[in-house]
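Visitor: Could you take me through this structure, please? I would like to begin with the aromatic rings.

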Amino acid sequence: LKPIFVFFAAMDLDNPEEAQVEVYLKTNLPAKYAVPGDPVVVPARLARYGLSELVNHILGFETPVPFDFLVHGEFLRTSLSKYMKTKGITAEKAVTVNYLFALPQTESAEVDQFEDWVSRIQRISDTTFVASSFDGSVRYYEEEQAKYTVVVSKEAVKGLAAADIGGYLKVGCASKDGDVRCFQADYSTGMVGTESVGKLHKQSAECVAFNSDLSLLASGGWDGTVAVWNADQMSVQMKPTSKRQREAQVWEPRSVLSDHKQGVLALAFGAVDATRFTLMSSSLDNTVRVFDVPAAACICSWQLGKAAMSISQAPDGATFCTAFSDGKVGVWDIRGGDTALLTNTTSLEAKCSIKAHRRMVGQAVWCPWDANMIASVSHDGSLKLLDVRSPSMALQTITVEEEAKVLCVEWLTSKKLVTGASDSKVRVHKMGETPVDA
C-alpha cells in the first residue's frame, strides 16, 4: 500500500509527547531503499529506532533493515525534539533527515599470542600485517595466520613501521634501549637482509614512521629528539632470521630535530602530495609540531593543552585525530591556506572532541578509506568505532578484553581491524555485511 501523508501545523516542541515535526526523508542508498520525496509528519519524540521503523514501514520491508540518521550532518542520538531544541531549530519549517545503513555489528576473534604486550600493528595489505611486541620481536601475518617472527631486540619494541617494497617486507622499529632499526625481509622465508641500526636516542625510542616512498624513516625518543634517517639503500641479501647471525651496519641520521621539550610519542609524515615533505610529531610537552623535512626545520607548533598519545591523518591530509590519556579523541583541522605552504602562522582548529573511553586512549587511527570513521582503543579494554558526525557517542563499542589494556589498532580494510593488547593477544575484528554487501 502507498503510504498516506497527512500535513498540519507542528506543535510546541516543549511538549514532545504531543509535538509533531514535518520531515523530508532523504538517502543516497540504492533506489529500493529510497522513500517517496514528499514530506511526512512524525511525532517529535521519535529517535533513531523509531525513525528506522518508520522507513521500514514506508518501504514495506518484511525483514527490517536497520538505518541510522543524520540531521544537519550530525548523527541523531536523541529524539528529534531534543535535538531541535538543543540546536535552536524551530518546527516552523520541515527538517531534512538523511538516512543510511546502520553500522553492522562487529565480531572478534583471537588469532595469536606473543610472550609480552603487543605494542603496534601495521597494515601491509588487505590480508597481511605486521605486529611488534614488548618481547622484542616483530611478527608477520598472512590471512590472520602468523608466518614468521624476527627477533629485533632484547628490549621492548615500542614503535613499528612496515610496508611492501618490490616484493619484500620493509620494517622500521624503535626499541626501549633507544635503538632504531630498519631491515627488509623475504615474505616466504622470513630471512632478512643487512640490518641498519641507529643509536642516536639517549633514552627509549618510542615511535617510527616511513614517508610515502619509504626512502626515509623518522624516529622519536623519550629524550625529546626526532631523527630522520635515510632508508633507501637497504640490502636485499637475505640472512637467517636469528638476530645473532644477522649482519648489522651502523646508521647515522640525516637530520636531528630537538624542538620538543619532552618525550616524543607519535610521528606521521604528510599523507598527501601537498604535505609529503612534512613530518608531524606529538610530545609530552603538549604540542604537535610540523617539520619541513628537507630544511630540517620546525614550521608549525600547536599547543594542545595535553599530550597526544597518537596522531593519524584523515584521507584529505588536512584533518587529523589525536588520542589522549583522559579518554578523549580530538579531531583537528589545519587552517590558514594551502597545506603545502604551512608556516608558523598556520592555525589549528578543534573540529570536535569525542569522549570515547573511560580510561587512556592508547591509539586512534583514521580509516584510510572513509572521511569520517576513526577507530580507537583504550586501557578500559574496548575498541570503539567513532564518526566525526557523532561527537557525543561512539557508533559502536566492542569489548575486547575487560581485564586487559588495548594498546594498538590498525585498519586492514574498511570492514576489518586488528588490535593488540596487554594480554599479549592479537585479535581480528570483522564488521558484518550491510544489505548492499550481501
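Predicted model: local features only at pLDDT ≥ 70, side-chain atom pairs only at ≥ 80, totals over all residues.

**Aromatic pairs and the overall fold**

Guide: There are 11 aromatic pairs, where rings of Phe, Tyr and Trp (its six-membered ring) pair if their centres lie within 6.5 Å; planes under 30 degrees apart count as stacked, over 60 as edge-to-face and the rest as tilted. Residues are numbered from 1 along each chain as its sequence is written, and side-chain values use heavy atoms, with hydrogens and water left out.

Visitor: Which strands do Phe-67 and Tyr-99 lie in?

Guide: Phe-67 belongs to strand S3 (residues 67-71) and Tyr-99 to strand S5 (residues 95-101), so their pair ties together parts that are 32 residues apart in sequence. Helices (H or I, at least four residues) and strands (E, at least two) are DSSP runs, numbered from the N terminus.

Visitor: Is Phe-67 buried or exposed?

Guide: Phe-67 counts as buried, at 1% relative accessibility. Buried means under 20% relative accessible area, exposed over 50%, and partly exposed in between (1.4 Å probe, protein chains only). Tyr-99 is also buried, at 2% relative accessibility.

Visitor: What about Tyr-140 and Tyr-187: which kind of pair do they form?

Guide: Tyr-140 and Tyr-187 form a tilted pair, 5.3 Å centre to centre with 50° between the planes. Tyr-140 lies in strand S9 (residues 137-142), and Tyr-187 is in the loop between strand S13 (180-186) and strand S14 (195-198), so this pair ties together parts that are 47 residues apart in sequence. Both Tyr-140 and Tyr-187 are buried.

Visitor: Which residues do ring pairs link into a cluster?

Guide: The cluster consists of Tyr-33, Phe-61, Phe-67, Phe-69, Tyr-99 and Phe-101.

Visitor: And which residue lies over the face of Phe-114?

Guide: That is Arg-139, at 4.1 Å from the ring centre. A charge sits over a ring if NZ of Lys or CZ of Arg is within 6 Å of the ring centre and within 35 degrees of the ring normal. Lys-306 lies over the face of Phe-324 in this way, at 4.6 Å from the ring centre.

Visitor: New topic. How many helices and strands are there in the protein?

Guide: The protein has 2 helices and 34 strands. Its radius of gyration is 24 Å, close to the 22 Å that the globule rule gives for 438 residues, so the protein is as compact as a globular protein of that length. The radius is taken over C-alpha atoms, and the globule rule is 2.2 Å times the number of residues to the power 0.38. Buried residues make up 55% of the 438 residues.

Visitor: How many residues has helix H1?

Guide: Helix H1 (residues 48-59) has 12 residues and reaches 17 Å from its first C-alpha to its last, close to the 16 Å expected; the expected span is 1.5 Å times one less than the number of residues. In H1, 9 of the 12 residues are buried, so the helix is largely enclosed by the rest of the structure.

Visitor: What do the buried residues of H1 pack against?

Guide: They pack against strand S1 (20-27), strand S2 (40-43), S3, helix H2 (80-87) and S5. Contact here means heavy atoms within 4.5 Å. Just after H1, Gly-60 takes a positive phi of about 75°.

Visitor: Where is His-72 placed?

Guide: His-72 is in the loop between S3 and strand S4 (74-75). Its phi is near 55°, a positive value in a residue other than glycine. His-72 is exposed, with a relative accessible area of 58%.

Visitor: Last one: which residues is Thr-27 in contact with, leaving aside its neighbours within four places in sequence?

Guide: Thr-27, which lies in strand S1, is in contact with Tyr-33, Ala-34 and Tyr-99 when those neighbours are left aside. Thr-27 and Tyr-99 are 72 residues apart along the chain, and their C-alpha atoms are separated by 5.3 Å.
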